[in-house]
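Biologist: I have a model open here and would like to go through it with you. Could you take me from the overall picture down to the single residues?

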Amino acid sequence: MRIGVKPGQWGWSFEELRASWVAAEEAGFDLGSCFDHVSAAPAGLAAWDAPTLLAAMAGHTERIRLAVHVLNVSIRPPLLLAGQLAVAQAASGGRLEVGLGTGSWHLARHDHRATGIAFPPFEDRVRRLERCCRAFPPLWRGETVSDDLLGVEDASLGPLGIEAPPIVVGGSSDRVLSVAAAHADAWNGSSIGTDRFEERVVRLDRLAEGRPIAKQVQLWLREVGLEGARDAVSRYEASGADTIVFVLDEERDPDMIRRLAEAVR
């Protein structure tokens, strides 16, 4: 069972982020993760770009895996996003894990309004997610990709010399699970109870038809508390998770990360 932390980053200062990622590595966590929200709306909080934040944190860490849960595939041009992620993979020495998703209604609609990019209907976003899952690995391998839906023609990043990072698909709908079953290395469920998580794991395995897919869950630390963290690890492991990521939102103190490490150890 891998255990990770997701500090901020919406509303955090850069120094708070840097100190928290360093603390996570020093405390022995397996994984450090971030959100993907590109604008300050709706609460006027500081926003940090996820792909470049991953590249920056690669320079402040040496061992911990770097992840994003999850990128909204409809907010950035796919070739440019694949190129940004390639930099983070190279800078980290191959420690990147790429989470991709459809964008949540709760915050993605604000990002789309701020950037002037229309927020597509859910089915369109799922189709785009699937095409990105198909297109990114060959782009990272230096191959040429054309895809009318993604708007790329004879697109290539060239011979980068990196290993294609694993793709994690986030979301719990049947349509998103189908994309994960067909194309992802792992699936990530966000803040769902163990019964729902276990049911989705069973559904995912049926859709995958024997193709192995890792299962991840992320939980807000404030919802389980330090006293419940160890139990949460055990419960989700029993439900089929191989990775659990604790989200720190309001807990902007690296010492909280060290205390969490003690709690789950």
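Modeller: Gladly, and please keep in mind throughout that this is a predicted model. The protein has 9 helices and 10 strands.

Biologist: What radius of gyration does the protein have, and what would a compact globule have?

Modeller: The protein has a radius of gyration of 18 Å, which agrees with the value near 18 Å that a compact globule of 265 residues would have. Along the principal axes, the C-alpha atoms fill a box of roughly 50 × 40 × 40 Å.

Biologist: How much of it counts as buried, and what does the accessible surface come to?

Modeller: Of the 265 residues, 53% count as buried. The accessible surface comes to about 11,100 Å², and 50% of that belongs to carbon and sulfur atoms.

Biologist: And the contacts, what percentage join residues at least 24 apart?

Modeller: If you take the contacts between residues at least 6 apart in sequence, 75% of them join residues at least 24 apart.

Biologist: Let's go inside, then. Which residues touch the most other members of the largest nonpolar core?

Modeller: That core has 73 residues, and the ones that touch the most other members are Phe29, Leu100, Phe136 and Phe246. Helix H5, residues 122-140, supplies the largest share of the core, with 8 residues. As background, nonpolar side chains in soluble globular proteins tend to be buried together.

Biologist: Start with Phe29. Where does it lie, and is it buried or exposed?

Modeller: Phe29 lies in the loop between H1 and E2, and it counts as buried because its relative accessible area is 4%, with the cut-off for buried being under 20%.

Biologist: Which residues does Phe29 touch?

Modeller: Leaving out residues up to four places away in sequence, Phe29 touches Ile3, Gly4, Val5, Ala24, Arg63, Ile64, Ile257, Leu260, Ala261 and Val264. One of these, Gly4, is 25 residues from Phe29 along the chain, and the C-alpha atoms of the two are separated by 5.5 Å.

Biologist: And what does Phe136 touch?

Modeller: With residues up to four places away in sequence again not counted, Phe136 touches Pro78, Leu81, Ala82, Leu85, Leu100 and Ile167. Leu100 is itself among the core residues that touch the most other members.

Biologist: Switching to helix packing, at what angle do H8 and H9 pack?

Modeller: Helix H8, residues 221-238, and helix H9, residues 254-264, pack at an angle of about 30°, and their axes are 7 Å apart. On the H8 side the contact involves Leu221, Leu226, Ala229, Arg230 and Val233, which meet Met256, Arg259, Leu260, Ala263 and Val264 of H9. By class, that contact has 8 nonpolar, no polar and 2 charged residues.

Biologist: Why do you call Ser191 partly exposed and Glu209 exposed?

Modeller: Ser191 has a relative accessible area of 32%, so it falls between the cut-offs of 20% and 50% and counts as partly exposed. Glu209, at 72%, is over 50% and therefore counts as exposed.

Biologist: Since we are at H7, where does Glu198 sit, and how far is it from Tyr236?

Modeller: Glu198 is in helix H7, residues 194-208, and it is partly exposed, with a relative accessible area of 39%. Glu198 and Tyr236 are 38 residues apart in sequence and 8.4 Å apart in space, C-alpha to C-alpha.

Methods. Residues numbered from 1 in each chain as written. Predicted model: local features only at pLDDT ≥ 70, side-chain atom pairs only at ≥ 80, totals over all residues. Heavy atoms only, no water. Axes fitted to C-alpha atoms, helices over the stretch in contact; angles between N-to-C directions. Helix = DSSP H or I, 4+ residues; strand = E, 2+ residues; numbered from the N terminus. Contact = heavy atoms within 4.5 Å. Nonpolar A, V, L, I, M, F, W, Y, C, P; charged D, E, K, R; others polar. Core = buried A, V, L, I, M, F, W, Y, C linked by side-chain atoms within 4.5 Å. Buried < 20%, exposed > 50% of the residue type's maximum accessible area, 1.4 Å probe, protein only. Rg over C-alpha atoms; globule rule 2.2 N^0.38 Å. Areas by Shrake-Rupley, 256 points an atom, 1.4 Å probe, with all protein chains shown as cover.
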